[in-house]
Amino acid sequence: MAISVFDLFKIGIGPSSSHTVGPMRAAMLFATALKESGTLGNVASVKAELYGSLGATGKGHGSDKAVLLGLEGEAPDVVDVEQIEGKLARIRGEHRLLLAGEHAIDFIEREHLIMHRRTSLPYHPNGMRISAFDAAGEVIKEKVYYSVGGGFVVDEAAAGADRIVADTTRVTHPFKSGDELLAHCRDKRIPVSQVILENERAWRTDAETRAGLLNIWDVMQKCVRRGCEQEGIMPGGLKVKRRAAGLYRKLSSAPEAGMRDPLTTLDWVNLYALAVNEENAVGGRVVTAPTNGAAGIVPAVLHYYTRFVPNATEDGVVRFLLTAAAIGILYKENASISGAEVGCQGEVGVACSMAAGALAEVLGGTPEQVENAAEIGMEHNLGLTCDPIGGLVQVPCIERNAMGSIKAINAARMALRGDGTHFVSLDKVIRTMRQTGADMKTKYKETARGGLAVNIIEC
């Protein structure tokens with residue numbers, strides 16, 4: 001299949017790409033299909049059922065809210081985040097929902113939105129079934145969707161074909177492995193970023209690709225700024241305090257500290273990641289990179305590049321995102337970016353790998369060094385579990401992004417000190433990650449039934 005850089009980097013809302021963005025898109029697609037088929041006016045009721053990880057941790061991840069918004073025709077990339085709570089209050093207070101934004105139906109949440117905590121659908125842990133009925137209770141339309149990570153949504157037919165997102169677009173440099181990607185670089189004598197840029201021409205011009213990526217970067221920067229301004233307690237019941245704003249004040253008040261302690265740079269990188277993931281945790285506007293749970297790593301490392309690397313340029317930002325996408329495509333093609341499927345190695349691990357390879361390129365690395373950096377980034381995240389406490393994307397997720405960001409920078413630096421040759425290839429580590437995820441017990445894969453999620457002493 002063909003995957004675009006804008007499939008990997010999508011603008012959405014928190015706290016989860018698979019549990020919030022995906023279900024909202026699925027519900028929106030369902031409502032839109034009813035409208036386009038001319039059957040919207042015949043619908044008397046709708047029932048949405050969430051299964052597996054969606055059912056187990058959906059409440060903490062905002063899946064319930066996402067489905068309500070999607071059924072009303074809202075899309076995650078354009079929904080007004082300031083209006084979300086008011087819209088949800090109206091639906092729940094009136095027990096009425098505007099299907100596709102225009103057809104009013106009765107909607108009692110406890111009857112029409114069901115969380116199946118212990119039952120899964122066949123093809124993926126993040127499954128959902130949406131059904132529309134007429135006044136006589138007859139089914140007008142029923143559809144099964146799978147949210148397979150990073151905001152990607154597929155139907156049952158695609159899921160049965162190993163979750164391939166159907167896009168048969170022919171690209172200039174097709175690749176399905178790291179070896180094939182490197183072969184294009186060697187044959188054409190071009191960097192990894194150029195391979196992806198030329199592939200993007202199948203969908204848009206270079207100018208459009210550049211503008212789109214700079215818009216992604218703008219959203220990332222705004223997210224960091226918001227995260228550095230907001231204080232208080234995050235929702236959900238854990239009473240986790242936001243830390244980014246306080247850290248920002250401390251670092252800004254003593255800029256000369258960096259002259260005494262060069263590791264102050266790492267404090268700033270931690271800040272960038274914390275700011276993004278605190279915004280994600282409260283349902284703010286973020287970029288899936290490649291998921292919401294790991295949304296802070298690519299922006300944090302990219303901020304490191306623009307703020308701390310001499311002679312950083314806007315062209316470098318574009319190349320960074322293109323290279324990161326190339327690496328993300330390899331994981332999407334050959335493994336998974338879904339925490340519910342392979343654990344957090346598929347989210348934080350993949351984001352770390354993407355950021356490491358991207359940083360290596362913009363720091364002057366060869367394609368071989370880029371591949372090495374990406375491999376190092378994943379190798380030392382293998383086996384990372386997804387065990388959110390209370391089903392919330394807060395602990396350990398927020399700090400995990402900060403740690404992943406630092407690890408990505410170190411991976412790039414290690415790779416750049418070598419010549420690109422190394423013992424374990426990126427392809428082998430991706431294959432290992434998928435096998436490790438398959439072997440991992442379900443309780444460690446975004447179900448909140450294992451790991452830190454059940455081993456916290458309550459005082």
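View 1. A cavity is a set of points, on a 1 Å grid over the protein atoms alone, where a 1.4 Å probe fits but cannot get out. Grid points are joined across faces, edges and corners, and the volume is the space filled by probe spheres set on the points. The model is predicted, so local features need pLDDT of at least 70 and side-chain atom pairs count only at pLDDT 80 or more, while totals for chains, interfaces and linings use all residues. Residues are numbered from 1 along each chain as its sequence is written, and side-chain values use heavy atoms, with hydrogens and water left out.

**View 2. The largest cavity.** This cavity holds about 120 Å³ of space. It is lined by 13 residues, of which G293, E347, C386, V393 and C397 are the closest to its centre; lining residues have an atom within 4 Å of a point. Domain 1 (15-158) and domain 2 (178-444) each contribute at least three residues to this lining, the domain bounds coming from an automatic or database domain assignment.

**View 3. The second largest cavity.** The space in this cavity is about 70 Å³. Its lining consists of G178, L181, L182, V192, I327, L330, P367, V370, E371, A374 and L426. At least two lining residues come from each of α8 (178-188), α15 (314-334) and α18 (367-379), helices being DSSP runs (H or I, at least four residues) numbered from the N terminus. With four residues, α18 gives the most to this lining.

Conventions:
On a 1 Å grid over the protein atoms alone, a cavity is a set of points where a 1.4 Å probe fits but cannot get out, and a pocket is an open set with protein on both sides within 12 Å along at least five of seven lines; lining residues have an atom within 4 Å of a point.
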